[in-house]
Every structure is written in structure tokens, then in C-alpha cells.
Amino acid sequence: MPLVRTYRALLVAGFQQMAAYRIQSLLWMLFAIIRPVIFLAAWVAIATAQGGAVSGYTVGDFAAYYVCLAWVSQLTMAWNSQEFEWEVNQGRLSAKLLRPLHPIHYSVVDNIVYKLTTLPVLGAILIVIAIAFNAHFRTEPWHLLVFIPAVVLAAGLLFVFGYIIASLAFWATRMRTANTLWQRAAFVFAGSIAPVVLMPAWLQTLTYALPFWYMVGAPTEILQGSVTPERAAFILVGQAVWLTVCYAVFRVVWRRGIRAYSAVGA
Amino acid sequence: MIRYGRIFRSFVGAEIKNELAYRLNFVLGLVEMLLVVGTSLGAVLVLFTQAKTLNGWTLPEMIALTGVYYLVQGGVNLIFAPSFEKLMEYVRLGTLDFTLLKPASAQFLVSTRHISIVRISDSVLGFVVLGAGLVMLGEAITPWAALAFALTLACGILAVYSLLLTLVTLSFWFVRVDNILAIFWAFTDAGRFPIDLYPGWLRFTLATIVPIGIAVTVPAEAISGRMSLETFAGMLAGTAFSVVFASWFWRRGLRSYTGASA
């Protein structure tokens, strides 16, 4: 119960802080919209040139896919690894470590607050895009039901994975390279270039084997309604496995990292 | 002019000395850039496994365009982006006073003072990718095309520079504008595809307010010999206008600057 009270207090503080930076959070939303739209435009051009469809994906399917992708990306996003690098480098982590609460809880609250405040606006923009591109959703009620655990697992997976990358900051002061590596892997494998079924076979195999697709692309396909029940089950199992693995790794890395951490400048 | 050349040379020299102290940093920056450019090319290749052309652009032309995309980014990120980031900090802290007191054009000083040497790799990689695209294209480049390319590329970078200068000038009125630059960074991504691909509103934005679209597409058109004369004339006129406007706006903003202790 004390944790509930703590969370309530942190959430209230978070919302108050957010209210002070309204415009800022709206600007950051441009990032969530531009990339899906440009790849959508590319695929629409390709599909139109080939008579309206690419390997069974129609223009409307592409529109639905990328609208869902933007929505899921926003729902699952986490920026903890960039923030953490800054906190370790500035030595600010020391103060947080002295508090009785694990630093991860502050990130969780920041994350929830940001999403709750930006989602309504993003939703409105995405509806306009969906109408403009004539999106065709194949979603059935059971898709929506499965989407809930899928998106929660995806958000959890991305968050824990981000914390693993973040923990590397205990040993290395320059984390940019690790973050870039992660971002580019996500760019290729998470589904922003194309729906995974349209990728070359060897890339598909890699995509299914790595964790990135389960963070964004997989729940996107569920929300768009393009998956069979078997594929949905495959996705959920894959997410659960990766989440378990990442959580175990995170525990080990965090415990060792705290011991290695000496606070820059201390 | 010669004097400004000398000032700029000393800025570069100082940056290089600074950079030499962090050699691993430089190597890592290079590795990052290889990752970024490699995956961007990968995205283009994935698109072309499903199509022969992208809105009339063939694969070699698209590769050349990707090269130009990184050339423009390199041009901006090498000098202007790091300088402007510092400028916003100076305005916030009031230390811009020191720059204004120096006997040289303030606009020149704030635009070129900080150089991110490692970003030369953007331009080098951009040239390599562009060269690969042109070799694949297999057509001889006429001197006229090469000249048009150089001119439009310079115009594109200048147009983007003008936008950035205008945005950071806003920091004289609003102290927190680092987020205004986010507008630019968000739209930058759209430069990776030819501008004719996009729906009307986005094409308009990328050709006028955030000119990253034309800054990449027009030089790519020029070097593959498909640019029309109207586009060329429009590019020159548009750039001239935006440079004049940004410079006027900067001087206008400077008058609102009140300094550190005021």
C-alpha cells in the first residue's frame, strides 16, 4: 500500500510539471508522426504504381499499418536510457540512490505522465491521417482484446531493455554509441521500414529472433487486425520470453553496476 | 572576407586541438555514422525488393539521393547546428555579451564559432554514397549538371541555415527554445525520400517552412539530369529571400537582447 501512495504523489507532481511544458510535449509529438507518414507515403507510391497492392498489402492496409505503428510507438516508447546517461554523467543519480525508492519508479511515473498527456492529441492527428489515406482496418473485437496484453508486454519489454542499455552507463561514460546502435536496430527490425512480411526472407528470420519487433511491430499487427489467432499466440509467447530474459539480465547488470558506480566528480 | 577566413580558420584549429584530446570519441562517432548511413541504405534496398521505381526514381537515383541527404545533414551538423545550440545557451546565460563586444559580424561569429569536427564523417559518407549511386547510374555527368548540383546543394544548405538562424533568433524573446529546434529535427527525417512522394501539405512544408525537402531533392535531381529550369530558378530565388529574411530577423532580434545583468 505505501507504494500506491507514493505513486499517487509522484503522478500528481508529474502532471503539474507537465502542465508547465505543454507546448514542448506537443512539439515532441512531431517525431511520432513524421517517420510513419514518410514511409507510408513511400509504400503508397509503390502500391499505387503496382495497381493498388504489394504482395497482398493494399494502400488501405499500409495506411492502417502505419497509423497503428505511430500509435503503438507512442504507447510503448521509453527514453530512460538517454536520460539515465545524463544522470550518471552529472552525478545526479547519487541523490536518487539515497532515497528509499528504486530510481526505476521515477522513470515509470515520468513515462506514464508523458503518455497520458500526449495520447489524446496524437489520437486526433492519427484519425485525420487515417481518413486522409483511406485506412482500412481489419480489426475484430478479439484483436482488441489480445492487443491489451500485447501492448503492455511490449511497453514493459522496451522499458526493461532501455534500462539494460542505461545500466551500461555505470561502466562507460559515453553511451551515445550504444544508444545509436539500439535506435538503428529498432529502425530496421521494429517494423518502421515495412510490415515484416514484406521484408526479404533472411531479414524476417532475424526480425523474429531479435526482441525489437516484439516492442512495436508485433502489437501493431494485432491492432491493425492482420494476424491469425496462431500468429497472435506466437507474438504473446515471444514477448513473454523476451521480457523474462531481459528482466533477468537487467537484475544482474543493475546489481553489478551499482557496485561499479562511483559518481562522476565524487 | 580574408579576415573572416582567418577567423574561421582559427575556430577550426581550436576545435581540432580539442577533438584530438578525445580520439576514441572521434572513432565512436564514425562508427555511429556508419550505422546510421548503412541502415538508411538498407531501408531503401528493402523498398526496392518490392518495386522497380519509387515514384519514377530508380534505385541508383535513390541511392544518390540518400548520399545528398547526408551531405546536407553534414553541412548543417558540422558548423551551424553546434554553434546555434551554444548560442541559445549564451542567450539564456547572458554570456552573449562577450560575442557582441568582438569587432566582427555577430551573425558570423554565432553561426560558425563551434564546429563539430566528427560530423565531417557525415559529408564524407554522403559523398561516398552519392558516388556509388552515380556509378550505378552509369551516365556521364555533364559539367553543367555538376555545376547545377554544387549550386543547388549550397543553396539547400543555406536555406536550412536560414531556417535555423530564424528559429534560434526566437530565443531573444522566448528563453526556452531548444524545443523549437525539435521542429527542424523532426522534419529532417522526411528528407530521405524525394519530396514529390509526399501528400500536398507535407510537400509544401518541406519546400517552404522547413526546406529540408528541396535541399535534398533538388540537388539530387540536378546531378541525375532531371531538374527543370524553373526549379533551378525557384531554388536560387527562394534561398536568396530566406537568407535576407533570416539576417534581417537576426538583427531585429538582437535589438531585444538585454544582456546578462540588465
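**Close-up views of a predicted model**

View 1. N134(A) counts as exposed because 12 other C-beta atoms lie within 10 Å, and the cut-off for exposed is 12 or fewer. This model is predicted, so please read each view with that in mind. You will find N134(A) in the loop between helix 6 and helix 7 (141-167) of chain A. Its phi is near 60°, a positive value in a residue other than glycine. Most residues other than glycine have a negative phi.

**View 2. A serine between two strands of chain A.** S55(A) sits in the loop that links strand 1 (53-54) and strand 2 (57-58) of chain A. Here too phi is positive, at about 45°, although S55(A) is not a glycine. S55(A) counts as exposed because it has 10 C-beta neighbours inside 10 Å.

**View 3. Helix 1 meets helix 6 in chain A.** Helix 1 (residues 2-20) and helix 6 (residues 104-132) of chain A pack at an angle of about 50°, and their axes are 9 Å apart. That angle makes helix 1 of chain A oblique to helix 6 of chain A. The crossing is right-handed. Helix 1 contributes Y7(A), L10(A), L11(A), G14(A), F15(A) and M18(A), which meet V109(A), D110(A), V113(A) and T117(A) of helix 6. By class, this contact has 7 nonpolar, 2 polar and 1 charged residues.

**View 4. Where chain A touches chain B.** In this view, 31 residues of chain A are in contact with 29 residues of chain B. On the chain A side, helix 2 (22-49) and helix 8 (176-189) are the elements giving two or more residues. Helix 2 of chain A gives the most, with 14 residues. The chain A side has 22 nonpolar, 5 polar and 4 charged residues.

How values were computed
Residues are numbered from 1 along each chain as its sequence is written. Chains are lettered from A and ligands numbered from 1 in the order in which they are written. This is a predicted model: local features need pLDDT of at least 70, side-chain atom pairs count only at pLDDT 80 or more; totals for chains, interfaces and linings use all residues. Axes are lines fitted to C-alpha atoms, for helices over the stretch in contact, and angles run from 0 to 180 degrees between N-to-C directions. Helices (H or I, at least four residues) and strands (E, at least two) are DSSP runs, numbered from the N terminus. Angles under 35 degrees count as roughly parallel, over 145 as roughly antiparallel, 65 to 115 as roughly perpendicular and the rest as oblique. A crossing is left-handed if the near helix is turned anticlockwise from the far one by less than a right angle, and right-handed if clockwise. Two residues are in contact if their C-beta atoms, placed from the backbone, lie within 7 Å. Ala, Val, Leu, Ile, Met, Phe, Trp, Tyr, Cys and Pro count as nonpolar, Asp, Glu, Lys and Arg as charged, and the others, Gly among them, as polar. A residue is buried if 20 or more other C-beta atoms lie within 10 Å of its own, exposed if 12 or fewer, and partly exposed in between; C-beta atoms are placed from the backbone.
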